[in-house]
Amino acid sequence: MGKQTDKSDLPGYKFDFDHPLGGLRLDDPNCEEPNGSVASVENNSTSRHANVSESMLLLPSRKTMTPVPLEAVRSETRPRAAVVVAHPDDETLWCGGYILAHPEFLWRVVTLCRALDPDRAPKFRQVLQQLGAEGEMADMDDGPDQVPLPIVQVEETIVRVLSGGSYRLILTHGPMGEYTRHRRHEECCQSVVELWRSGVIDTGRLWMFAYEDGGRAYLPRVRDDADRRDMLTDDIWLEKRRLITDFYGYGHDSWEAQSTPREEGFWCFDSVQAAVKRTAFWEQQS
Ligand SMILES: [Zn+2]
């Protein structure tokens, strides 16, 4: 599924040995770990809390080598991170590996659609439990016609489901979505950027999913111009796939199961100006 190409010898790439996913990444300061630590928790396990169980985690204070009790990690002192997506399953498809590999965050996952879907809504709640995340769903139109939604309405919905707070990191869709094509993904990205620009959303960093499918020529994969790319470990990859097949119930031959990327990619922004600038550039290109 994911690209297996070794790019470690290409200019601008380096291998990050400290990264919990053992990921390749670009030499981009925006892609440094946003959890405040030099390196992340050494935890490649598949179940977030059960396997964080080595009784102690080394959080930002690791610079002074002071262990932080697990109870403290579980408390509100954890840095907050949010995932803002159009649909239940987008969080798993596009960044499930990153969520699983970073239990040091207090994750909040919100969706624009499907709150009243009797099938997907309960599955989403089960997946949140597996991810150790809290979350909320809205029920914006998700009909097959993909009628454009007023952006102000999308923004108001995002503000409501995020329910305030400031975040260290927010993950959301790319400006052109991840495949050809779902308008809700694009509207979600546009709205998050606008909310950040206008100061309604408070986040230190914004990462956008960076995938493309060549206009349906192939399954979604990390874009060549992604700022960051993480090849998932076997454990994380299997758990991510399990959420898609066993919890969301997609058959192994389904588009979703086949598409579930083993490599995850992001565009990384630590300033709203950079996000607006690149989003405007992509809009011109499209
Ligand atoms: Zn979606």
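What percentage of the 286 residues of the protein count as buried? The figure is 43%. The model is a predicted one, and the protein in it has eight helices and 13 strands. Of the contacts in the protein with a separation of 6 or more, 72% are accounted for by residues 24 or more positions apart.

**Confidence**

The average pLDDT of the protein is 81, and 72% of the residues score at least 70. Residues 1-29 have a pLDDT below 50, and this stretch has 54 contacts in the model beyond near neighbours in sequence. Over residues 38-66 the pLDDT also stays under 50. For residues 38-66 the model has 61 contacts beyond four places in sequence. Where pLDDT is low, the predicted coordinates should not be read in detail.

**Helix packing**

Two packed helices are described by the angle between their axes and the distance between the axes. The table gives these values for two pairs.

| Helix pair | Angle | Distance between axes |
|---|---|---|
| H2 (residues 90-101) and H6 (residues 234-247) | about 135° | 9 Å |
| H4 and H5 | about 70° | 9 Å |

The crossing of H2 and H6 is right-handed. On the H2 side the contact is made by Thr92, Gly96, Gly97, Leu100 and Ala101. The H6 side contributes Ile236, Trp237, Glu239, Lys240, Leu243 and Ile244. Sorted by class, the contact of H2 with H6 has six nonpolar, three polar and two charged residues.

The second pair is H4, which spans 151-162, and H5, which spans 183-197. How do H4 and H5 lie to each other, and which residues meet? At about 70°, H4 and H5 are roughly perpendicular, because that class covers angles of 65 to 115 degrees. From H4, the residues Ile151, Val154, Glu155, Ile158 and Val159 take part. They meet Glu187, Cys188, Gln190, Ser191, Val192, Glu194 and Leu195 in H5. By class, the contact of H4 with H5 has seven nonpolar, two polar and three charged residues.

**Loops and backbone geometry**

The loop between helix H4 and strand E8 holds Ser163. Ser163 is not a glycine, yet its phi is positive, at about 50°. Is Ser163 buried or exposed? Ser163 has 10 other C-beta atoms within 10 Å and is therefore exposed, as 12 or fewer is the limit for that class.

The loop between strand E8 (166-172) and helix H5 contains Arg181. The peptide bond from Thr180 to Arg181 is cis, with omega near -5°.

Arg216 is in the loop between strand E10 (211-212) and strand E11 (221-222). Its phi is near 75°, which is a positive value in a residue other than glycine. Arg216 is exposed, with 10 other C-beta atoms within 10 Å.

Tyr218 also has its place in the loop between E10 and E11. Around Tyr218 there are 11 other C-beta atoms within 10 Å, so this residue is exposed. Tyr218 and Tyr179 are 39 residues apart along the chain, and their C-alpha atoms are separated by 9.4 Å.

Terms used:
Residues are numbered from 1 along each chain as its sequence is written. This is a predicted model: local features need pLDDT of at least 70, side-chain atom pairs count only at pLDDT 80 or more; totals for chains, interfaces and linings use all residues. Axes are lines fitted to C-alpha atoms, for helices over the stretch in contact, and angles run from 0 to 180 degrees between N-to-C directions. Helices (H or I, at least four residues) and strands (E, at least two) are DSSP runs, numbered from the N terminus. A crossing is left-handed if the near helix is turned anticlockwise from the far one by less than a right angle, and right-handed if clockwise. Two residues are in contact if their C-beta atoms, placed from the backbone, lie within 7 Å. Ala, Val, Leu, Ile, Met, Phe, Trp, Tyr, Cys and Pro count as nonpolar, Asp, Glu, Lys and Arg as charged, and the others, Gly among them, as polar. pLDDT is the predictor's confidence in each residue, from 0 to 100. A residue is buried if 20 or more other C-beta atoms lie within 10 Å of its own, exposed if 12 or fewer, and partly exposed in between; C-beta atoms are placed from the backbone. Angles under 35 degrees count as roughly parallel, over 145 as roughly antiparallel, 65 to 115 as roughly perpendicular and the rest as oblique.
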